[in-house]
Amino acid sequence: MHRILWLVVAAAFVASLVVPETESPATDDGCPPRDLRVPAPYAVTGYWVIPRADPCVTRRMVEAVHSIGGDTLITFGPRFAAGRPGPDFAACQVDGRPCAEPPGARVRRVYTYVTSEEFGDGMLRCPGIDRRVEVEGRVFYRLSLAESCAAREHDLVLVSTDGDGIGHLIRETTAYGMTVFPGLPAAPQRPGKPWEPDLAHTAALNAFTARVLADYRARFGSLAAFGGVYQSFELAARARSARDPIISLYAAQHAVVADALPGKKIVVSPYIDARRGRGFPPSQVPAGIADIAGTRAGLPMAIAVQDGRGTGKVPVHGPHEAGAAVAARLEPVVGAVTNSEAYYGSTADYVEAAARRVPDGVELWVNIEGFEPTPVPGECGRVDPLPLRGRTTKARLDQQIMAAGPHPSKIISYGWDPFFTCQARHDTPSLADDIAAGWRQPIIVAAYRKELNGRAGVQVEGYNLRGGTLDFGGTRVKQEWYGRTSRLESAWAPFVPTSPWVPITATNEAGESSTSPYVMR
């Protein structure tokens with residue numbers, strides 16, 4: 001996954017999303033009033049979003065996510081970059097001097113940070129060096145990372161921001177009763193190996209991370225919406241070596257989080273790669289989860305395993321389809337071969353492996369990738385940054401939720417913009433619109449044989465199952481029992497399977513049916 005650029009205007013967020021007229025009182029901030037209702041709650045309850053400098057755009061985005069059941073927002077942390085300041089910082093000058101050249105101070109190294117947030121006054125510690133600079137409508141910060149303002153040498157961070165996007169996001173989610181996990185500053189990448197952090201800059205990164213989190217604590221610590229932070233540097237959910245550089249980064253940066261934000265949660269989203277010859281088998285996942293959990297420094301942690309379908313690294317299919325041809329949208333990644341020829345296993349295999357040994361202090365989440373590996377003609381999606389990605393369908397999201405099974409305590413998705421908001425044309429629905437229209441469609445995530453009052457039958461678990469029937473490969477049976485836990489629903493019907501693979505679909509009391517069958521082993 002990569003941080004993406006804003007590709008749609010605010011009006012496109014809810015172009016045809018079915019929401020009631022707002023009942024919230026008017027606000028005095030110049031933005032439209034809030035609508036706090038949730039008319040179309042879907043199984044996905046969290047999304048990656050991009051902080052926006054405009055508070056009204058932020059409100060409409062938060063409202064659109066909230067209206068389809070979203071209660072959690074995550075942002076990527078900007079890159080804490082080593083090297084010469086680029087063109088983003090050309091305008092940053094103080095008294096005619098470049099910001100990188102503070103008078104009377106010896107500068108050892110300059111880092112840069114391009115973000116969408118404005119910091120509080122507590123960030124400015126060293127008079128004469130630390131400055132907030134406003135130039136032609138832009139805001140810059142110059143910050144020293146030295147332990148003492150009287151130090152002989154200073155490492156500087158130059159920050160460029162387009163506005164207080166993080167602040168707007170946390171204030172809006174507070175009003176909607178939601179939770180935000182802002183991204184930690186992302187570590188510098190190793191030259192020639194961008195998938196690894198450059199550990200030579202860990203001390204500077206930790207010093208800057210501590211400053212940012214202290215500012216968050218001061219500004220957002222009393223707000224329930226501030227749930228913790230997201231670890232922005234990615235890694236694979238596989239067994240790691242004892243000296244793995246990403247695990248070393250995690251351990252160091254998470255210790256800073258524990259010191260600055262005691263009790264707050266760290267969210268990590270490791271990826272899985274099932275491609276034969278390039279990836280790793282499901283058997284490596286438990287060790288990878290344990291290695292990640294070992295960096296949490298005593299804090300609660302959510303490990304949201306990326307399901308891999310959007311990038312084409314992992315297929316979504318039933319247990320009976322190992323010998324079937326890969327889905328057409330996966331062929332550009334692995335070729336026209338069978339699932340078992342291309343992959344070690346399916347999403348379900350990897351999530352089941354992750355769920356076998358969830359470490360203490362860790363919640364298992366699943367991050368379903370809400371996009372296609374490549375676009376097809378006439379399809380909207382991501383055009384910048386590369387690689388190009390296409391928009392998926394609500395039915396395929398249902399399949400991904402199905403593949404996650406009953407194991408995760410939460411399902412989230414990358415990413416809201418542009419994949420859930422883009423439109424092929426102005427008069428066609430977005431993926432968010434399709435979810436709003438079809439949110440009542442049942443999704444089965446588990447099925448097993450179970451006796452009820454001495455009668456043989458099958459019990460299913462999932463979403464939107466209440467009432468109606470269960471269809472077992474053409475045999476339709478009326479539900480005779482229904483129950484619900486905090487997250488999943490259950491339904492039972494009398495049926496005795498007579499074949500090894502039983503496709504099951506549900507039709508609920510609203511007359512809505514599953515978009516794909518669940519196949520029971």
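Is Cys 92 buried or exposed, and what is its relative accessible area? In this predicted model, Cys 92 is buried, with a relative accessible area of 2%. Buried residues are those under 20%. Cys 99 is also buried, with a relative accessible area of 1%. A disulfide joins Cys 92 to Cys 99. The S to S distance is 2.0 Å. The angle about the S-S bond is -85°, and the link of Cys 92 and Cys 99 is left-handed.

A disulfide is a covalent bond between the sulfur atoms of two cysteines. The count in this model comes to four disulfides. With bonded cysteines counted along the chain, the disulfides follow the pattern 1-2, 3-4, 5-6, 7-8.

Another disulfide joins Cys 126 to Cys 149, with an S to S distance of 2.1 Å. The link of Cys 126 and Cys 149 is left-handed, with -85° about the S-S bond. This pair links distant parts of the chain, 23 residues apart. Cys 126 lies in the loop between strand S6 (106–115) and strand S7 (131–135). Cys 149 lies in the loop between strand S8 (138–144) and strand S9 (153–161). Cys 126 has 1% relative accessibility and so counts as buried. Cys 149, at 38% relative accessibility, counts as partly exposed, because that class lies between 20% and 50%.

A disulfide also joins Cys 380 to Cys 422, with an S to S distance of 2.1 Å. The link of Cys 380 and Cys 422 is right-handed, with 65° about the S-S bond. Here too the pair links distant parts of the chain, 42 residues apart. Cys 380 sits in the loop between strand S16 (362–369) and strand S17 (381–382). Cys 422 sits in the loop between helix H10 (416–420) and helix H11 (431–438). Both Cys 380 and Cys 422 are buried.

Attention now turns to a pocket. The second largest pocket has a volume of about 770 Å³. Its lining comprises 40 residues. Val 316, His 317, Gly 318, Pro 319 and Glu 321 lie nearest the centre of this pocket. Several elements each supply at least two residues of the lining. Among them are helix H7 (339–342), helix H8 (347–356) and helix H9 (394–404). Strand S20 (443–449) and strand S27 (518–520) are also among them. H9 gives the most to the lining, with four residues. By class, the lining of the second largest pocket has 22 nonpolar, eleven polar and seven charged residues.

Definitions and conventions. Residues numbered from 1 in each chain as written. Predicted model: local features only at pLDDT ≥ 70, side-chain atom pairs only at ≥ 80, totals over all residues. Heavy atoms only, no water. 1 Å grid on protein atoms, 1.4 Å probe; cavity = no way out; pocket = protein on both sides within 12 Å on 5 of 7 lines; lining within 4 Å. Points joined across faces, edges and corners; volume = space filled by probe spheres on them. Nonpolar A, V, L, I, M, F, W, Y, C, P; charged D, E, K, R; others polar. Disulfide = S-S within 2.5 Å. Buried < 20%, exposed > 50% of the residue type's maximum accessible area, 1.4 Å probe, protein only.
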